[in-house]
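Please keep the sequence and structure in view while reading.

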Amino acid sequence: PRGLKLYVRRVFIMDDAEHLLPGYLRFVRGVVDSNDLPLNVSREILQSSKDVDAIRSGCAKRVLGMLEDLAQNQQDKYAKFWSEFGRVMKEGLGEDHANRERLAGLLRFSSTHKDSDGEEQTVSLKDYVSRMKPEQDRIYYVTAETFLAAKNSPHLEVFRKRGVEVLLLSERVDEWLVSNLPEFESKPLASVARGDAGLDKLGSEEERKAQKQQAGAFAALVERLKAALGDKVKDVRVSARLTESPSCLIADEADMGGNLARILKAAGQKVPEAKPILEINPAHALVLRLKDEAGSDESRFGEWAHLLFDQALLAEGGMLDDPAGFVRRLNQLMLEMAGAKSKIWTPGS
């Protein structure tokens, strides 16, 4: 049960008048005494009354004002409040558009900032904006099923290298949040796993030239990977966001992200088919080995290409269509690295 106690001219009407507050403030308890409602007010009247709409708006602003004061003047208490009710508060971004800016200021996140690189959600959007690089024009975030998956995402590698902070979003409601919060203080929110993420603005002119040269040098490998992977990918390209991992999967700018698609599928929803883009790291030993496999047969190259794709899918928290095939390819690779033959030893052989 949720809602406020409703009195009309000091006469008790009901215990749980849930229409007096938006759903995301369902944890609030209190009393409303109105002089504008009739004494015979019913739940049906509460649903369609302009007076109730005014009370609802006023109550929401009052609660948000109290929370703003708590966040500014008693940060420890607000941190405790957020740990209990943060997920519920995040629902308000899509439910209460009139107070979206105020709600955005109350949000707290985990991030890659060195002072808050933990699972505790202590970073506000205002804190993030104050630490943005001079050339940075976006608020970056990554979504994942778990905090560790978000923290160790390969999509973060170039951002860590350049000292650009990224928000780590690992709660399911976060996908709802970012879809209803396009910007904060005129800074758009951007996923590090979607499109080009504005990476060209973060690097120097020399880095951009080097990336173009690498793209040209690996053009033949990219085309061969496209042919080997077929309809598994929308495109293959040389990455500007990887520094350690051999590959990663990203969503096209207009497509649904992989994490949101998995959440909707788990909830039994139909998801429009969207193929990912495979990005390869031209400096990684595995990719360089693939580049040197120009003379190998297509079946062998295809095994390597699918291994590269499956690794990228696992790194972002995805599920493999063929786990047994992945294990077989991985075993074959380990055998080759160990200098062993792929033939399995049997007694008497």
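The sections below cover the basis of the model, then its helices, sheet and cysteines.

## Basis

This is a predicted model, in which local features need pLDDT of at least 70, side-chain atom pairs count only at pLDDT 80 or more, and totals for chains, interfaces and linings use all residues. Residues are numbered from 1 along each chain as its sequence is written, and side-chain values use heavy atoms, leaving out hydrogens and water.

## Helices

Helices (H or I, at least four residues) and strands (E, at least two) are DSSP runs numbered from the N terminus. Helix H9 (residues 173-180) is largely enclosed by the rest of the structure, because 6 of its 8 residues are buried (under 20% relative accessible area, 1.4 Å probe, protein chains only). Among the buried residues are Val173, Leu177 and Val178.

The axes (lines fitted to C-alpha atoms over the stretch in contact) of H12 (residues 219-229) and H15 (residues 298-315) come within 9 Å and cross at roughly 90 degrees. H12 is therefore roughly perpendicular to H15 (65 to 115 degrees). Contact (heavy atoms within 4.5 Å) involves residues including Leu221 and Arg224 of H12 and Phe301 and His306 of H15.

## Sheet

An open sheet of 5 strands has the order E4-E6-E5-E8-E7, with mixed pairing (at least two DSSP bridges between two strands). E4 (110-111) and E7 (183-184) stand at the edges, each with a single partner strand, so one side of each lacks a neighbour in the sheet. E4 runs antiparallel to E6 (residues 167-169), joined by 2 bridges; serine 110 has leucine 168 as its bridge partner in E6.

## Cysteines

The disulfide count is 0, with a disulfide taken as a pair of cysteine sulfur atoms within 2.5 Å. Cysteine 59 counts as buried at 15% relative accessibility, and cysteine 248 counts as buried at 1%.

Methods
Buried means under 20% relative accessible area, exposed over 50%, partly exposed in between (1.4 Å probe, protein chains only). Axes are lines fitted to C-alpha atoms, for helices over the stretch in contact, and angles run from 0 to 180 degrees between N-to-C directions. Angles under 35 degrees count as roughly parallel, over 145 as roughly antiparallel, 65 to 115 as roughly perpendicular and the rest as oblique.
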